[in-house]
Amino acid sequence: MVTNKTFLINERGPHFWGTHEISKDTQYAKLENGQTEILSKDEFKDALSSLNGKRVLVYIHGLKNTKDDVVKSHADIEENVSALKLNLSLYSRFKSIMKYFLGYSQQEAYSNHQPYDVIIGYSWPSFDNETYYYNAKIHAKKLAPRFAKQLEQISKTTQKVDVLAHSMGNLLLFETLSKHGSPDIKINHIYSIAAAVPHNSLDSQHVYSRVLDYCKNIFVFHSKHDYALGWPYFLAEKAVLALGLVGPLSLSQKIKVVDTSKVIKNHSGYLSSKEFYEYLLKIHNEEFDNEQSHFKMQRCVEV
């Protein structure tokens, strides 16, 4: 299957792959085979306009992401997402075959077989070392208004938007939606993985609970084996437990909890885990029990 298109919205300064400063102006690029093609604001606007009716996955990385980290994470997502095939009716399958024989490209003819047409990464200066933890938090909070505007534009154009946030990327997303959200932001599913935010963030009394106003569902993936969210996070946040370690404190109809402890054995294991993407496919095929609030991955695989 042809791989998805991948774009980057970049907030790094002073150069495109900087890790310590927020750029003066938002930058844009197309990412293909590990190569970055810089796009002007107008070129990205044109690319965005072409997403009318498309299904988009927005990915937000976490702390300590250099150029190599960003390229690798997007390559992992693109490779694994491209391998997923939705359950389609016989009519839809036949229609795809006919479109291909009528001269449509493979990507055009079979695009409905995959959950997403396009991946858009939000690349931000989260530093290159864990010792800048508090500085990265400041950057995440400062960038929330910018990211809100990007989500508004994507939501207005596309058919469906899902957001995948890893680690401190959840802080950026939660700050964005809870404090700068607008009616123009419409998210289908949020996939929260290894979230470096307090475990009571989605409690009705917490400001971050407003995140639920902007999505259909939020899937909270957590693992008790996530060392980075264990003692390091507990000490850094002054005796607060992490959402990505123990899951949410309270539940609601929109909150779906996925205990990945049998599968995920470290903080960065999700993006390369076949089981994780298989579970995303189950979500898209609606092969999970909507009445349950807690799901477990059954296969035990070291990641």
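Start by selecting Ile120. Setting aside residues up to four places away in sequence, Ile120 touches Phe7, Ile9, Leu48, Leu51, Val56, Leu57, Val58, Tyr59 and Ile154. Keep in mind that this is a predicted model.

**The core around Ile120**

Which residues have the most contacts inside the largest nonpolar core? They are Ile120, Leu173 and Phe221. Show these three together. The core they belong to has 81 residues. Helix H5 gives the most to this core, with eight residues. A second, separate core has seven residues. Select Leu8, Phe16, Trp17 and Leu31 to see some of its members.

**The whole protein**

Now zoom out. The protein has nine helices and ten strands. It holds 303 residues, and 54% of them are buried. The accessible surface comes to about 14,300 Å². Carbon and sulfur atoms own 50% of that surface. Take the contacts with a separation of 6 or more: 77% of them join residues 24 or more positions apart.

**Two packed helices**

Select helix H1, residues 41-49, and helix H5, residues 133-157. Two packed helices are described by the angle between their axes and the distance between the axes. For H1 and H5 the angle is about 40°, and the axes are 9 Å apart. Show side chains next. From H1, the contact uses Phe44, Leu48 and Ser49. From H5, it uses Gln150, Gln153, Ile154 and Thr157. How many of the residues in this contact are nonpolar, polar and charged? Three are nonpolar, four are polar and none is charged.

Move to Thr158. It sits in the loop between H5 and strand S6 (160-166). Is Thr158 buried or exposed? Its relative accessibility is 10%, so Thr158 counts as buried. The side chain of Thr158 reaches the backbone oxygen of Ile154 at 2.9 Å. Leave out neighbours within four places in sequence, and Thr158 is in contact with Leu51, Gly53, Lys54 and Val56. Now draw a distance from Thr158 to Ser50. These residues are 108 apart along the chain, yet their C-alpha atoms are separated by 8.9 Å.

**The loop between S1 and S2**

Go to the loop between strand S1 (5-13) and strand S2 (21-32), where Thr19 is found. Pro14 is in the loop between S1 and S2 too. Look at the peptide bond from Gly13 to Pro14. It is cis, with omega near 0°. Most peptide bonds are trans.

Next, select Thr19 itself. Thr19 has 12% relative accessibility, so it counts as buried. A polar contact of 2.7 Å joins its side chain to that of His20. What does Thr19 contact beyond its neighbours within four places in sequence? The residues are Arg12, Gly13, Asn65, Thr66, Pro125, Ser126, Phe127 and Asp128.

Step along to Glu21, in strand S2. Glu21 is partly exposed, with a relative accessible area of 41%. Leaving aside neighbours within four places, Glu21 is in contact with Glu11, Arg12, Gly13, Pro14, Pro125 and His139. Ser126 is 105 residues from Glu21 along the chain, and the two C-alpha atoms are separated by 8.7 Å.

**Positive phi stops**

Most residues other than glycine have a negative phi. The next stops have a positive one.

- Select Ala194. Its phi is about 50°, and it is not a glycine. Ala194 lies in the loop between strand S7 (187-193) and strand S8 (215-222). Ala194 is buried, with a relative accessible area of 0%.
- Select Lys238. Its phi is near 60°. Lys238 lies in the loop between helix H7 (231-236) and helix H8 (243-246). Is Lys238 buried or exposed? Lys238 is exposed, with a relative accessible area of 69%.

Then turn the helix end-on and compare directions. An α-helix has 3.6 residues a turn, so residues three or four places apart point the same way.

Notes:
Residues are numbered from 1 along each chain as its sequence is written. This is a predicted model: local features need pLDDT of at least 70, side-chain atom pairs count only at pLDDT 80 or more; totals for chains, interfaces and linings use all residues. Side-chain values use heavy atoms; hydrogens and water are left out. Helices (H or I, at least four residues) and strands (E, at least two) are DSSP runs, numbered from the N terminus. Buried means under 20% relative accessible area, exposed over 50%, partly exposed in between (1.4 Å probe, protein chains only). A polar contact is a pair of N or O atoms within 3.5 Å; within protein, one must be able to donate a hydrogen and the other to accept it, and residues adjacent in sequence count only if both atoms are side-chain atoms. Contact means heavy atoms within 4.5 Å. Accessible areas come from the Shrake-Rupley method with a 1.4 Å probe; for residues, only the protein chains shown count as cover. Axes are lines fitted to C-alpha atoms, for helices over the stretch in contact, and angles run from 0 to 180 degrees between N-to-C directions. Ala, Val, Leu, Ile, Met, Phe, Trp, Tyr, Cys and Pro count as nonpolar, Asp, Glu, Lys and Arg as charged, and the others, Gly among them, as polar. A nonpolar core is a set of buried Ala, Val, Leu, Ile, Met, Phe, Trp, Tyr and Cys residues joined through side-chain atoms within 4.5 Å.
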